[in-house]
Amino acid sequence: MKKTMITLLVLAISLAILFSYLALTKPKQMPFIGHFFDKVVYGSLYYFNKPDEAHIYASRGKIKLKLFAFNPLEKKSESSVLLFHGGGWAFGSSYSLFKICRDISNKGITCISADYRLALKHNSKVKDSMIDARDAYEWIIENAELLNIDKDHVMVGGGSSGGHLAASLAMIPDENNEVIRDIKALIFFNPAINTTFFDSGFELPKNTSERRVKFWFYLKKLFEGKSIELSPSNYVSENLPPSIIFHGTNDKTIPISIIEDFTNDMKSKGNDITLSKWEDKGHQFYRWDKEVYPAVIDEVINFIKEK
């Protein structure tokens, strides 16, 4: 009985300390549950698949943006991959891609997962995330020797909003009206490739839940009226990097029709693009569906080695 009481007391004190820490460190704009996931749930992912290297690629005041490298024991490809996580440019973590990166590195390919500023955590906008993505890529190119990679064979990819960031590097001109033309290939997982609907008069269906409506308008604000200007779908041109898109036909967040239209536009310009459609799968299925995950990773590896 006494042992049980001591155990319960220790547990209660530990929880009190944890929740006090979370309350003190929570960003003003982030819901408590979001902060809990960021620190506890996402934080724990770091220890399940620890990266081999961590580097600060940029500082924004007190914010230190890092990228995490997973190195193969034996290189089997001259290519390497930079990935950006999803989360609507508002939440999420580079840690969420650690398992994917580790599995890719186990196949002989260097994989890197990068931080970028998030609206709920850093009070940032979509444009800020895009700037961070470019800085991450440029840091990797400048430090290719340190990372033991070939700077001419860097592929870029991401899921959902991270897919938008990856596409923006190759497709959307920066403030100097330049795009990055040396990206070896693009790897997309249910990418937010067309964001124009935020400012094109699109109306949500009447049966949309209140929670989803609120989040939709929140995301709209993050674009600052520039969702059309910042949509990769508006910059389809010739000679873009070879690409592959993994997308579920039952994706409620980004309908498959948007991806099919983008794929057709890319092909009409003579670009090499593959749409890997997964029947009845939803958003981010590649992370949560244990049955199809191995097949997705195998297809990713084959694409990397072929390109």
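**How do you know? A tour of the predicted model**

Guide: This is a predicted model. In helix α11, Y293, V296, I297, V300, I301, F303 and I304 are the buried residues.

Visitor: How do you know what length to expect of α11?

Guide: The expected span is 1.5 Å times one less than the number of residues. Helix α11 covers residues 293–306, which is 14 residues. That gives an expected 20 Å, and the first and last C-alpha atoms lie 20 Å apart.

Visitor: Which residues of α9 are buried?

Guide: I256, I259, F262, T263 and M266. Down the axis of α9 they fall within an arc of 120°, so they line one face of the helix.

Visitor: What covers the buried residues of α9?

Guide: The cover includes α7 (161–171), β7 (243–248) and β8 (273–278). Contact here means heavy atoms within 4.5 Å. Just after α9 comes G270, with a positive phi of about 85°.

Visitor: What makes strand β4 "mostly covered"?

Guide: A residue is called buried when its relative accessible area is under 20%. In β4, residues 110–114, five of five residues are buried. T110, I112 and A114 point one way, while C111 and S113 point the other. In a regular strand the side chains alternate between the two faces of the sheet.

Visitor: Why are β2 and β4 called paired?

Guide: Pairing takes at least two bridges. One example is F68, whose bridge partner in β4 is S113.

Visitor: Which way do β3 and β4 run, parallel or antiparallel?

Guide: Parallel. Five bridges join β3 (residues 80–84) to β4. Here L83 has S113 as its bridge partner.

Visitor: Which residues have the most contacts inside the largest nonpolar core?

Guide: F84 and I140, in a core of 55 residues. Helix α5 (residues 126–142) gives the largest share, seven residues. A second, separate core has 28 residues, among them I104, M155, I301 and I304. Of these, I301 and I304 also belong to the buried residues of α11.

How values were computed: Residues are numbered from 1 along each chain as its sequence is written. This is a predicted model: local features need pLDDT of at least 70, side-chain atom pairs count only at pLDDT 80 or more; totals for chains, interfaces and linings use all residues. Side-chain values use heavy atoms; hydrogens and water are left out. Buried means under 20% relative accessible area, exposed over 50%, partly exposed in between (1.4 Å probe, protein chains only). Helices (H or I, at least four residues) and strands (E, at least two) are DSSP runs, numbered from the N terminus. The arc is that of the directions from the helix axis to the C-beta atoms. A nonpolar core is a set of buried Ala, Val, Leu, Ile, Met, Phe, Trp, Tyr and Cys residues joined through side-chain atoms within 4.5 Å.
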